[in-house]
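Please keep the sequence and the coordinates in view while reading.

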Amino acid sequence: MSSWHDDPHRSRLSKINSTNQGRGQLRSARLSDCHTLNDAALLQLVGAHPRLTELDISFKLVPSPVVSTSALLRLPPQLPLLRRLNLSYLEHVTDAVVVRFAEECNALEELRLACCLRIGDAALFAVAEGLAARNDDTRSRADGGGASGAGFVRGGGGRGGGLTVLDLHMDDRVSDAGLQAVARACPLLRELDAAFLRLLTDGTVDVLVQSCPG
Amino acid sequence: MKALDVTSCKYDGICAPAALGALAAACPKLRTLHAGYATAVTVESFRAALPSSTSIPHSTLSIINSTGAGGSAATAVASNATAATTAGGSFFLEDAALAYCEQVDDECLLLLAAGAAKFGRAVRRLDVGACPRITAAGLGGVVAASGAWLEALDVSGCDRVVLGELTAHLERSAAQGTFIKKSLATFLSIVAISASTTLLFGLCDQCALLVFMA
């Protein structure tokens with residue numbers, strides 16, 4: 001039986017409590033299609049609310065340049081509990097941004113990057129890399145091992161492998177290699193939008209079918 | 001009934017003043033109302049539903065005004081919202097989803113927040129996505145009244161909401177939460193020190209008495 005302290009989600013929360021006592025409790029911020037969004041407002045929001053588990057700053061139909069790459073790069077370290085992220089139609093989402101989120105936001109379960117035209121396989125390799133560690137963790141827990149010595153139920157604090165939703169709509173720089181890496185690393189993936197990915201082939205579909213039964 | 005979802009119901013009169021007033025009277029424990037696309041929702045609907053003495057607390061007004069973000073507009077709205085409502089009972093909402101309700105405005109939000117505050121509760125989840133009349137001033141009123149209890153906020157597609165103003169309200173609310181916690185911690189520390197000092201002196205007195213008697 002695991003103790004309260006064994007849960008990485010809990011320990012992360014304790015760390016936040018100790019460093020951000022009394023900070024905002026906002027868990028979900030949906031700011032889709034807000035044309036007054038800018039770097040300062042976004043960083044102010046995230047800085048004041050480190051417990052956010054959902055952040056939606058996406059746009060619809062028309063790509064928007066309102067948030068810069070440098071601001072996006074500053075978000076992940078401040079959002080350790082993030083589970084759902086929507087950056088769709090933000091022009092300045094790059095591979096580096098996705099890599100940073102994959103490294104820092106280990107609890108991500110839902111990642112929406114529709115029409116982020118600058119991202120490619122490097123971003124997906126980073127996501128898959130983050131997930132691989134979690135899969136190992138899962139395997140060790142299934143074997144009854146693990147540093148904590150017990151198979152605690154992951155409370156959103158594992159390493160990536162909990163990714164269930166991935167939206168790559170129209171990200172046409174993504175190819176078979178990147179998507180296959182994610183498919184192999186994310187067996188829990190149950191929703192994938194790969195529309196308009198002109199580089200994909202049937203081989204990726206086969207990998208998806210075999211690796212993601214859900 | 002504690003929760004009701006009438007989102008996208010085709011009946012034009014849904015959540016009109018008479019309907020929402022009747023609902024509040026029949027279901028005083030209703031805390032969750034999802035009424036997206038309900039075009040008949042107006043400030044009169046909330047006046048009909050909320051207890052008759054619902055008014056905006058002065059503290060809420062001062063917080064909105066002191067940020068300098070839409071202050072005068074907020075005061076004007078709040079002075080209207082302070083007007084007595086018509087219904088009785090103990091109805092208030094903690095989870096309100098009013099997306100695409102075209103007539104929902106700042107006054108509605110302030111009444112919602114005041115309705116919950118009247119019973120020592122707060123609006124925890126608020127979805128006013130694509131409500132064209134909402135501004136940061138009204139949202140600031142909810143943020144100020146709800147404080148750290150506000151968990152989820154959806155302002156997607158609210159064209160009149162200046163996010164810089166909204167995030168200022170959110171940051172201020174978070175900072176106020178920190179101040180209150182620190183004040184409480186200081187107070188408890190003083191009480192604890194006083195108690196231990198009193199106990200120590202009491203023990204010393206007892207010891208001195210025992211020595212004297214011996």
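A residue is called buried if 20 or more other C-beta atoms lie within 10 Å of its own, exposed if 12 or fewer do, and partly exposed in between, with C-beta atoms placed from the backbone. Helices (H or I, at least four residues) and strands (E, at least two) are DSSP runs numbered from the N terminus. The model is predicted, and local features need pLDDT of at least 70, side-chain atom pairs count only at pLDDT 80 or more, and totals for chains, interfaces and linings use all residues. Residues are numbered from 1 along each chain as its sequence is written, while chains are lettered from A and ligands numbered from 1 in the order in which they are written.

Chain B contains seven helices and five strands, arranged from the N terminus as β-α-β-α-α-α-β-α-β-α-β-α. Of its 214 residues, 46% are buried. Two residues are in contact if their C-beta atoms, placed from the backbone, lie within 7 Å. Among contacts in chain B with a separation of 6 or more, 88% are between residues 24 or more positions apart.

Helix α5 of chain B covers residues 106-117. Its 12 residues reach 16 Å from the first C-alpha to the last, close to the expected 16 Å, a span defined as 1.5 Å times one less than the number of residues. The helix is mostly covered, with 12 of its 12 residues buried; among them are B:D106, B:E107 and B:C108.

A neighbour of this helix is α6 of chain B, residues 136-146, and the two axes come within 8 Å and cross at roughly 10°. Axes are lines fitted to C-alpha atoms, for helices over the stretch in contact, and angles run from 0 to 180 degrees between N-to-C directions. Angles under 35 degrees count as roughly parallel, over 145 as roughly antiparallel, 65 to 115 as roughly perpendicular and the rest as oblique; α5(B) and α6(B) are therefore roughly parallel to each other. Residues making the contact include B:L109, B:L110 and B:A113 of α5(B) and B:L139, B:V142 and B:A145 of α6(B). By class, this contact has 10 nonpolar, three polar and one charged residues, where Ala, Val, Leu, Ile, Met, Phe, Trp, Tyr, Cys and Pro count as nonpolar, Asp, Glu, Lys and Arg as charged, and the others, Gly among them, as polar.

The strands belong to an open sheet of 11 strands with parallel pairing, in the order β6(A)-β5(A)-β4(A)-β3(A)-β2(A)-β1(A)-β5(B)-β4(B)-β3(B)-β2(B)-β1(B). Two strands pair if DSSP finds at least two bridges between them. At the edges stand β6(A) and β1(B), each with a single partner strand, so one side of each has no neighbour in the sheet. The twist averages 5° from one strand to the next.

Where do the chains join within this sheet? Strand β1 of chain A (residues 28-30) pairs with β5(B) in the parallel sense over three bridges, and A:A29 has B:L153 as its bridge partner. Three bridges also join β4 of chain B (residues 125-127) to β5(B), again in parallel, with B:D154 the bridge partner of B:D127.

Across the whole interface, 24 residues of chain B are in contact with 22 residues of chain A. On the chain B side, β5 and α7 (163-213) each supply at least two residues, and α7(B) gives the largest share, 10 residues. That side divides into 12 nonpolar, eight polar and four charged residues.
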